[in-house]
2 protein chains.
Amino acid sequence: MNLIAVGTVAFDSIETPFAKQDRVIGGAATYITLAASHFIEQCGLISVVGDDFPQDMLNTMSARGIDQQGLQIKQGEKSFFWAGKYHYDLNSRDTLITDLNVLATFDPVVPSDYQAPDFLMLGNLAPGVQMRVLNQLAQRPKLVVMDTMNFWMDSAMDDLKAVIAKIDVLTINDEEARQLANEYSLVKAARKILEMGPKYLIIKKGEHGALLFDAHNIFFAPALPLEEVVDPTGAGDTFAGGFIGYLAQTHNISFENMKRAVIVGSAMASFTCEKFGPERLLNLTKEEINSRIEQFVALTDFEILVEE
Amino acid sequence: MNLIAVGTVAFDSIETPFAKQDRVIGGAATYITLAASHFIEQCGLISVVGDDFPQDMLNTMSARGIDQQGLQIKQGEKSFFWAGKYHYDLNSRDTLITDLNVLATFDPVVPSDYQAPDFLMLGNLAPGVQMRVLNQLAQRPKLVVMDTMNFWMDSAMDDLKAVIAKIDVLTINDEEARQLANEYSLVKAARKILEMGPKYLIIKKGEHGALLFDAHNIFFAPALPLEEVVDPTGAGDTFAGGFIGYLAQTHNISFENMKRAVIVGSAMASFTCEKFGPERLLNLTKEEINSRIEQFVALTDFEILVEE
């Protein structure tokens, strides 16, 4: 298995200023693996659900090459549940309910088939769980990408920093970057975060795009200006799945190729925003993805001759 | 005179979360003409000041080719004064004081030398004043760019819409675009605004960059991620001055060239943020400007091959 992803597979209840939907399929690993499945044949999933999670959805994921040897199904228990309400700008939200359920005791087991992936995606989860996955691998992947959130900065900063020290690419949003580095300037924050271990940092700014940093370069990818954002839930996870899926497909982890992967991730995330839940990721065609990527090219392309 | 700008020439007192400065040189037309002066030999200024405005600064502007036949100096009166305080994110601010002073009775007079400019910049001012400038011109310029703000939407919407109907390029920020169109989605807002008259719309998003729209295309330019933003006052006006200055220099108002002008405007605006007031615009070299433009190229440049 070339790509392994760990993260939640869950239910979300979502309220936006314009609409509301209860118990939509959600979870970081759901979005990550579905997004990645558009770029690679097979992907391993490490997660846990209760017996309330629909078998239909698992079958759909399986049909898309998402292997479930690493998915634990806990009989008599309930899947992770999150409820949230978006503010008017859809760029920020409040958590209303977090029912950990099966997640409270989740002890990830990496199956033998998953022992030597080239690409590992540590989706947003308790840093201790992310670390247990890393520690079980027989050999270190070529590239480890990690997503996290402010909740772990508030509650488990030491654990979090221990994982950050071991990964290659960290993806967080702008407020989280400021919090993690204790610096308001994103340029200064990025420099500090890169000193914590990762070689690359992606700062996600929602509708304002994403920044990719390494020690010497900055690349900026805009978000596609959308007619209508229905529900941004999962956009960051979809971004991560598109990003690592593209890297796994192209087997190239240069900065130049990461720039492309950031564009691909942004394109995939723009689809997720168009519907509640991961619905849009289930029926996307290659043509739709390519045409969306071409929209990004058109959106940012300019040529300027600087007089010497 | 190929380029004429109307707008305020004034004093600002500015407080940021990190520093404070009293009675800095400010005003929309100050920033616009100083930014434009890096691209063209001569530029006409239509504005008004009191006898408190430093002659030194007027001499400096004059030395940069900023013609002052259209500048009224009112003896015994005071220049326009604005005081504001920025929020922690430096992307939003509160107005503390607005002393109109000479602006209260400003009646712009377009000198005979300014009657046939190719490029006209209507800086942020009462829409009635902007209209009086437009109406005095012997012939319509090739391109009229207009900046405005929410204050005029709240207090003079009919006058504002009358000017908007007569111009070519409108520059406003994202909140103002939403307010003017009464649409949350910027894509929908842009469509409605373009129906009000302008052929082009630039939505300025501060540290999140700028969007250029015409009826068929969208172009996105990022803001340069800066180590440190000292004072964003005048960044929007500097953007406008760089934008129209570049268009006037290149004599090309195609969408392709407007994209370049948006990048140039963004580059110029990034300099203004580095110091209080227009200080940075006074001693900029061609090399600094070119190297900043090259940073924008590096920041956004990617190549992706979409498989067919």
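The exercises below walk through parts of a two-chain predicted model.

Residues are numbered from 1 along each chain as its sequence is written, and chains are lettered from A, ligands numbered from 1, in the order in which they are written. Because the model is predicted, local features need pLDDT of at least 70 and side-chain atom pairs count only at pLDDT 80 or more, while totals for chains, interfaces and linings use all residues.

**Exercise 1.** State where Asn182(A) and Asn101(B) lie, and decide for each whether the residue is buried or exposed.

Solution. Start with the backbone. Most residues other than glycine have a negative phi. Asn182(A), although not a glycine, has a positive phi of about 55°, and Asn101(B), also not a glycine, has a positive phi of about 50°.

Next, locate them. Helices (H or I, at least four residues) and strands (E, at least two) are DSSP runs numbered from the N terminus. Asn182(A) sits in the loop between α6 (174-181) and α7 (186-194) of chain A. Asn101(B) sits in the loop between β7 (93-99) and β8 (119-122) of chain B.

Then count neighbours, with C-beta atoms placed from the backbone: 20 or more other C-beta atoms within 10 Å make a residue buried, 12 or fewer exposed, and numbers in between partly exposed. Asn182(A) has 9 such atoms, so Asn182(A) is exposed. Asn101(B) has 20, so Asn101(B) is buried.

**Exercise 2.** Give the strand order of the open sheet of 9 strands in chain A and name its edge strands.

Solution. Two strands pair if DSSP finds at least two bridges between them. The order is β5-β4-β1-β8-β9-β10-β11-β12-β13, with mixed pairing. The edge strands, each pairing on one side only, are β5 (66-74) and β13 (218-221) of chain A. From one strand to the next the twist averages 15°; axes are lines fitted to C-alpha atoms, for helices over the stretch in contact, and angles run from 0 to 180 degrees between N-to-C directions.

Within the sheet, β1 (residues 3-6) and β4 (residues 43-50) of chain A run parallel, joined by 3 bridges. Val6(A) stands opposite Ile46(A) in β4(A).

**Exercise 3.** Describe which strands β2(A) pairs with, and in which sense.

Solution. Take β3 to begin. β2 (residues 10-15) and β3 (residues 20-26) of chain A are antiparallel over 5 bridges, and they form a hairpin with 4 residues between them. Ala10(A) stands opposite Gly26(A) in β3(A).

Now take β6. β2(A) and β6 (residues 80-86) of chain A run parallel, joined by 6 bridges. Here Asp12(A) stands opposite Trp82(A) in β6(A).

**Exercise 4.** Work out how many residues of chain B touch chain A, and which element gives the most.

Solution. Residues are in contact if their C-beta atoms, placed from the backbone, lie within 7 Å. By this rule 27 residues of chain B are in contact with 27 residues of chain A. On the chain B side, α7 (186-194), β13 (218-221), α9 (255-272) and α11 (286-300) each supply at least two residues. α11(B) gives the most, with 6 residues.
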